[in-house]
Amino acid sequence: MNEENKISRRKVIAGLGATIAAAAVSPALAATKGFKGKVPDGPVKIMDPTTMYPKPPFKFQPQPWPGLQSKMDPIPDCGETSYKGSGRLTGRKALITGGDSGMGRAAAIAYAREGADVVINYYPTEEQDAQEVIALIKKEGRKGIAIPGDLRDEAFCVSLVQKAIDALGGLDIVVSNAGRQQAAASILDVSTEEFDSIMKTNIYAPFYIIKTALPHLPPGSAIIGTTSEQAYNPDPWLYAYGQTKAATMNYVKSLAKQLGPKGIRVNGVAPGPVWTALQVSGGTTADKQQTFGGWTMLGRPGMPAELASIYVQLAAADASFATGQIYGSSGGVGQP
Ligand code: NAD
Ligand code: MG
């Protein structure tokens, strides 16, 4: 990390510490059944988004797929020390794929702090990242269940949903977030096996999971997919991945129409460049990794913690009129 990044990171941590110290439990929310989070009762400290997180250049730090975020420099911020709940998801039951790291981890931490019980899925080699998340969920007094396995396998996806329902005693939030991204300069460099892997992870797995979960989802449930700015304006080196994110955006809109009359909402989150393990484990080219996110209007990539509140909002009961929507967070570049 260069000196400027170190300084910005120190400022963030110092700022967050002060905010946490000022936090206290509001009596009304503390009385909410099962709510164990902390609610700030004073003014929220505002921070300049251009300086609150590290900026490029980043060290070139390739990892074998799927990567561990605990080995990244800087380590992505998933809200471990900063996210504060206010009981918005008390009693809810969530399944989050890719819940070990990145956006899925940020959603898992936030959901637990908002009062939900959470099952996370991840690839078996990500046990270390996953166990950190489980510990954070349990610290909130919520159920945190880890179910590792390969989402490219239909039988595993079906058993994942069944195990999640058994463990949670039902299900009312499904976050289909796991994704595979591998950069390739040319279509000639994309093997049939890699193309198949990307399609299986990003398109087939949500199909298997949502199809298995649907008969168990009560009215009021929420399904959330993670799409991307790549759905609308794909980079040339993401020929295979970009298509899958367009498909994700498309299935969100189709399913929202199909499931609206049943009272089930379906929405998507479209991140721009976010500093996660996916990017350093084959997701981007060497030069883009080092300059990652520098092209946004904030001069830096996003951190997963900055998207957590969107996953909360789309799951929360008070977002009852939001369905078929794609919520973007991309630092002023890309769409929507
Ligand atoms: P991440 O690497 O932290 O999370 C992706 C997760 O997908 C992994 O942790 C892994 O658990 C899971 N996964 C992938 N293949 C799997 C398989 N075969 N079996 C089981 N699990 C598997 O990276 P992230 O950036 O947080 O990714 C989350 C989502 O965000 C993905 O859908 C990604 O496409 C999307 N996204 C990321 C960015 C970005 O810049 N980071 C931008 C737009 C969209
Ligand atoms: Mg991971």
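**Basis.** I worked with a predicted model, in which local features need pLDDT of at least 70, side-chain atom pairs count only at pLDDT 80 or more, and totals for chains, interfaces and linings use all residues. Residues are numbered from 1 along each chain as its sequence is written, chains are lettered from A and ligands numbered from 1 in the order in which they are written, and side-chain values use heavy atoms, without hydrogens and water.

**Ligand 1.** I looked up the polar contacts (pairs of N or O atoms within 3.5 Å; within protein, one must be able to donate a hydrogen and the other to accept it, and residues adjacent in sequence count only if both atoms are side-chain atoms). A polar side-chain atom of Asp-150 is 2.9 Å from a nitrogen atom of the ligand. A polar backbone atom of Met-103 lies 2.9 Å from an oxygen atom of ligand 1. For Leu-278, a backbone N or O atom is 3.1 Å from an oxygen atom of ligand 1.

**Aromatic rings.** I found seven aromatic pairs in the structure; rings of Phe, Tyr and Trp (its six-membered ring) pair if their centres lie within 6.5 Å, and planes under 30 degrees apart count as stacked, over 60 as edge-to-face and the rest as tilted. Phe-195 and Tyr-239 are stacked, because their ring centres are 6.3 Å apart and their planes are at 25°. I also noted a cluster in which ring pairs link Phe-58, Trp-275, Phe-292 and Trp-295.

**Charges over rings.** I checked for NZ of Lys or CZ of Arg within 6 Å of a ring centre and within 35 degrees of the ring normal. Lys-288 lies over the face of Trp-295, 4.9 Å from the ring centre.
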